Amino acid sequence: MENCVLCADLKPNEGELVWRGDDCRVILVSDDDLPGFCRVIWNRHQADMTELSHGEREHLMGLVFLVEEAVRDVMQPSKVNLAALGNMVPHIHWHVIPRFKDDAFFPGSIWSVRTQETSPAILTERRKAALDLPDVIRGLISRLY
Ligand SMILES: [Zn+2]
């Protein structure tokens with residue numbers, strides 16, 4: 001679809017393409033505040049989950065949960081946030097966000113106002129950890145698909 005940033009494939013500076021299949025792709029998002037933030041994107045331009053067949057929903061959510069598992073293992077967050085909003089970009093995509101009690105937006109959503117600054121040393125440590133995520137995600141996918 002025209003003017004859809006997700007149909008246009010990887011946006012400049014969006015992040016790293018971790019894996020791409022026929023129906024979905026996984027991105028490690030570049031976000032200075034939130035290392036380990038991933039996005040699972042449905043390749044076709046469809047807005048809502050119930051536009052997908054049951055098999056497609058299962059496939060997509062299977063990937064979302066796989067990415068959540070990888071994010072938990074690698075980033076050791078206090079909590080993972082899963083979010084599918086799509087008000088600005090009505091093209092199915094799931095955000096998989098490791099959350100920490102000291103992250104910039106805690107305890108609100110990552111789209112809420114900043115509440116604090118994370119210590120630079122801790123952010124550096126988390127950015128280093130996030131470098132392992134692509135391989136861990138691809139490893140899990142290769143075992144499943
Ligand atoms: Zn689209």
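How many of the 145 residues of the protein count as buried? The share is 26%. A residue is called buried if 20 or more other C-beta atoms lie within 10 Å of its own, exposed if 12 or fewer, and partly exposed in between, with C-beta atoms placed from the backbone.

1. **Ground rules.** This is a predicted model: local features need pLDDT of at least 70, side-chain atom pairs count only at pLDDT 80 or more, and totals for chains, interfaces and linings use all residues. Residues are numbered from 1 along each chain as its sequence is written.

2. **Elements.** The protein has three helices and five strands. Read from the N terminus, they run β-β-β-α-β-β-α-α. The radius of gyration is 15 Å, close to the 15 Å that the globule rule gives for 145 residues, so the protein is as compact as a globular protein of that length. That radius is taken over C-alpha atoms, and the globule rule is 2.2 Å times the number of residues to the power 0.38. Helices (H or I, at least four residues) and strands (E, at least two) are DSSP runs, numbered from the N terminus.

3. **Overall box and contacts.** Along the principal axes, the C-alpha atoms fill a box of roughly 45 × 35 × 25 Å. Two residues are in contact if their C-beta atoms, placed from the backbone, lie within 7 Å. Take the contacts between residues at least 6 apart in sequence: 51% of them join residues at least 24 apart.

4. **The sheet.** Five strands form an open sheet in the order S1-S2-S3-S5-S4, with antiparallel pairing. Strand S1 (15–20) and strand S4 (79–83) stand at the edges, each with a single partner strand, so one side of each is left without a neighbour in the sheet. The twist averages 20 degrees from one strand to the next. Strands count as paired if DSSP finds at least two bridges between them.

5. **Strand by strand.** S1 and S2 form a hairpin with three residues between them. Five bridges join this antiparallel pair, and arginine 20 has arginine 25 in S2 as its bridge partner. S2 and S3 are also antiparallel, over five bridges. Here cysteine 24 stands opposite tryptophan 42 in S3. S3 pairs with S5 over four bridges, again antiparallel, and valine 40 has tryptophan 94 in S5 as its bridge partner. S4 pairs with strand S5 (residues 93–99) over five bridges in the antiparallel sense. Valine 80 stands opposite proline 98 in S5.

6. **Covered strands.** Which residues of S3 are buried on each side? Cys38, Val40 and Trp42 are buried on one side, and Arg39 and Ile41 on the other. In a regular strand the side chains alternate between the two faces of the sheet. S2 is mostly covered too, with five of its six residues buried.

7. **Helix H1.** H1 has 22 residues and reaches 31 Å from its first C-alpha to its last, close to the 32 Å expected at 1.5 Å a residue. The expected span is 1.5 Å times one less than the number of residues. Its buried residues are Leu60, Leu63, Val64, Leu66, Val67, Ala70, Val71, Val74 and Met75. Seen down the axis of H1, they fall within an arc of 160 degrees, so they line one face of the helix. The arc is that of the directions from the helix axis to the C-beta atoms.

8. **Around H1.** The buried residues of H1 pack against S2, S3, S4, S5, helix H2 (120–130) and H3. The face turned away from the buried side carries the exposed residues His54, Gly55, Glu58 and Asp73. Just after H1, glutamine 76 takes a positive phi of about 50 degrees.

9. **Helix H3.** H3 (residues 133–144) lies across S1 and strand S2 (24–29), running at about 10 degrees to S1. Axes are lines fitted to C-alpha atoms, for helices over the stretch in contact, and angles run from 0 to 180 degrees between N-to-C directions.

10. **Two residues to check.** Is aspartate 48 buried or exposed? Aspartate 48 is exposed, with 10 other C-beta atoms within 10 Å. Aspartate 48 sits in the loop between strand S3 (38–42) and helix H1 (54–75). Glutamate 14 lies in the segment before S1. Glutamate 14 is partly exposed, with 17 other C-beta atoms within 10 Å. Leaving out residues up to four places away in sequence, glutamate 14 touches Ile27, Val29 and Ser30.
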